[in-house]
Every structure is written in C-alpha cells, then in structure tokens.
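Hello,

Here is the structure I promised to pass on. Please open it alongside this note, and then read on for what turned up.

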Amino acid sequence: MTTGRCPVRRTRLAGALTAVLALALAATGCGSGNGSGSGDGAPAAKTAAAPDRVEPLAAPAAPRLPVTVDSADGRKVTVASTERIVPLSGSLSEIVFTLGLGDRVVARDVTATFEQAEKLPVVTRAHDVSAESVLSLKPTLVIAENTTGPAEAVEQIRDAGVPLVVVKPAKSLADVGTRIDAVAAALGVPDSGTALRARTQERIDAVRKTIPARAEKPRVAFLYVRGSAAVYLLGGAGSGASSLLEAAGAVDAGKESGLVKDFTPITSEALAKAAPDAILVMGKGLESVGGIDGLVKVPGVAETPAGADRRVVTVDDGVLLNYGPRTDLVLRSLVDQLYGKKK
C-alpha cells in the first residue's frame, strides 16, 4: 500500500458533510485506494463495488422550457435553455446525467469522477469555483449548492446573465427524492424526476429488505482521515453518515456516544466512548494512512473493538455521501461489508 502524495488543498471544514467531503476529494486527487489486511474472522477492507458509471433513465423526457423555479437561496430563476449545463458539484452532475441530459453537460466539479463525466473540463475544486472558467464555456444553466463558493464567483456568474439555480445539499436518505425533484424541475424534466425518484426509492427499499435481523445492531464509527494532510476526525450527528448507517441496520457510534457536531478531532477518549464494532472510512482516506495497518496506528483506534478485530468498511469517496441516484449501491456495499454477502 502506498500513501497518496498529492498536493493538499487546505479547506475549512464548514457545515458538516459537504465541506468535509469536498476537502477529501480536493486533498487527494489520486486514484481510489483499496484497503488491505485482515484479522481473525474479520473481513479485509475493500473499496465498495459501486460502478464508475451512472445509469441514465431508459426513456428520459425532453426538456419543456422555459420554466421558472424556486432557487434554494430565495430567488426565482427562469431557465430558457439547457443546451449547455454546468453542475457545480459531483452529486449534481450525477443527477443530471442520470436524468438523461448528460450530453448537455459541458464542465464538471473535481468530484464528478464517474466515467461519463471524467473527461469534461474541471471548473471547480472543492467548492472553489472559477467564474472565469465557467463563463468561458458559455453555459445556459448553472446548478449550484448552498455551499458553493466563493460567493463572489457565484455572483459574477449571475451578473453575466447566466441562470443559476441553487439546490439544497443532501444530508440524509430523506433528501434524495426532493433533491432529484429540484434538479429535474430546473432542467424542465419533472416527469423524468418523478420516474428517477421512484426508481431510486424502489432500489433503496429492496436493499433494506435484505438486512438480516439482529438482536444487537453493529456500532459503526465514521472516520474522516487524510494522512497526507494530518486530518483525523470522528463523525458525529451532523456528519451526514448517520442516515446511511441507520438504514443499513447499524448504529452511528459517534452520534450515539453524544457527538452532536459534524466532526470532532479523534482522541482515544472519544473513540473509547464510541466503542465501534466497525469503522467506516472513505477509500482514499484509508489509502492515505497506509491501509488498515496505518489506520490502527491512529491513536485510540487499536483499542476499540473495531480496531482489535480490524473491521473496516470502505466506500469510494465519490459516492459515499452523495445521497443521489446511486445511494442504493452505497447502501448495498455497507450491508455486504457489515454482514457478508448472501450466498
């Protein structure tokens, strides 16, 4: 296992999940890593099997325009054309492509790493938007999130007369459908939004039906680690992972131990209180500390039940916290790694 050595972008961890995930992908733009190592009867960590492609709707609708929609920043925005779309986050790109309008997307955020988008020019890195780069592509619609910034860049795009729709970031499974609807409305394809929302929910429900009944739920701690940036954090109630873990039949150990904030620096005391049976970590984060062997050297990890048994669950950085059309695949990966695949 080699530790990632990409240049580190220092990003302030603001507002829980979205900013922390942004730092993760900006800090290590290297390829996704796989964990290694095993313990007595414990599964070796592995990167989730979520595919590198999104699955567009089989029969997407053509946009009906113009439309006027409510932007999450309190404005009303009229969209007259979707010929040149710029989504300013990877999760927004995923929704646009899955709705069947990927051929109209002309740029991407660094977190849009799936196959259909990977060759597009990057115009934003970890919510650090280049207004000049965006405008040079002559977009007819820009889709952003509340956390997109800097604010000056967003205003510069608006001042140039480009329709810019803000969508609320997703923090839980409950946000998946409303987020799909918001993007579909801005694109003028509400019927496709309804179809994608139904398909996504159906697939999530199907995964949840496979979770084995257990008298005692596994306690899972979500750790955000970047060895190259010396960042070691324990997720709490606001990390964004709680909803996924609970949907997978597990307990968010950080949240249950009383951590109400998004993330807190890892300490031996905090981990001892959380007492996780398993640790959830992003694939690149695990790689950055040298795999499981490096992770158990983080202070306090080896003393937890998870560290002692080397029970580590990994999911690719680009999909773990998106809460979008591929959430069922993330959930399936968590379930498979926590309980073992069905024979």
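This is a predicted model: local features need pLDDT of at least 70, side-chain atom pairs count only at pLDDT 80 or more; totals for chains, interfaces and linings use all residues.

**Backbone notes**

Lys138 lies in the loop that runs between helix H3 (131–136) and E7.

Lys138 is not a glycine, yet its phi is positive, at about 50 degrees. Its relative accessibility is 63%, over the 50% cut-off, so Lys138 counts as exposed.

Arg310 also has a positive phi without being a glycine; the value is near 55 degrees. Look for Arg310 in the loop between helix H12 (305–309) and strand E14 (312–315). Is Arg310 buried or exposed? Arg310 has 17% relative accessibility, under the 20% cut-off, so it counts as buried.

**Cis peptide bonds**

Leu65 and Pro66 are joined by a cis peptide bond, with omega about 5 degrees. Pro66 sits in the loop between helix H1 (17–27) and strand E1 (67–70).

Another cis bond runs from Gly149 to Pro150, and its omega is near 5 degrees. Pro150 belongs to the loop between strand E7 (141–145) and helix H4 (151–159).

**Helix H14**

H14 covers residues 327–339, 13 residues in total. From first C-alpha to last it reaches 18 Å, close to the 18 Å expected. Eleven of its 13 residues are buried, so H14 is largely enclosed by the rest of the structure. Among the buried ones are Thr327, Asp328, Val330, Leu331 and Tyr339. Gly340 follows H14, and its phi is positive, near 90 degrees.

Best wishes

Definitions and conventions. Residues are numbered from 1 along each chain as its sequence is written. Side-chain values use heavy atoms; hydrogens and water are left out. Helices (H or I, at least four residues) and strands (E, at least two) are DSSP runs, numbered from the N terminus. The expected span of a helix is 1.5 Å times one less than its number of residues. Buried means under 20% relative accessible area, exposed over 50%, partly exposed in between (1.4 Å probe, protein chains only).
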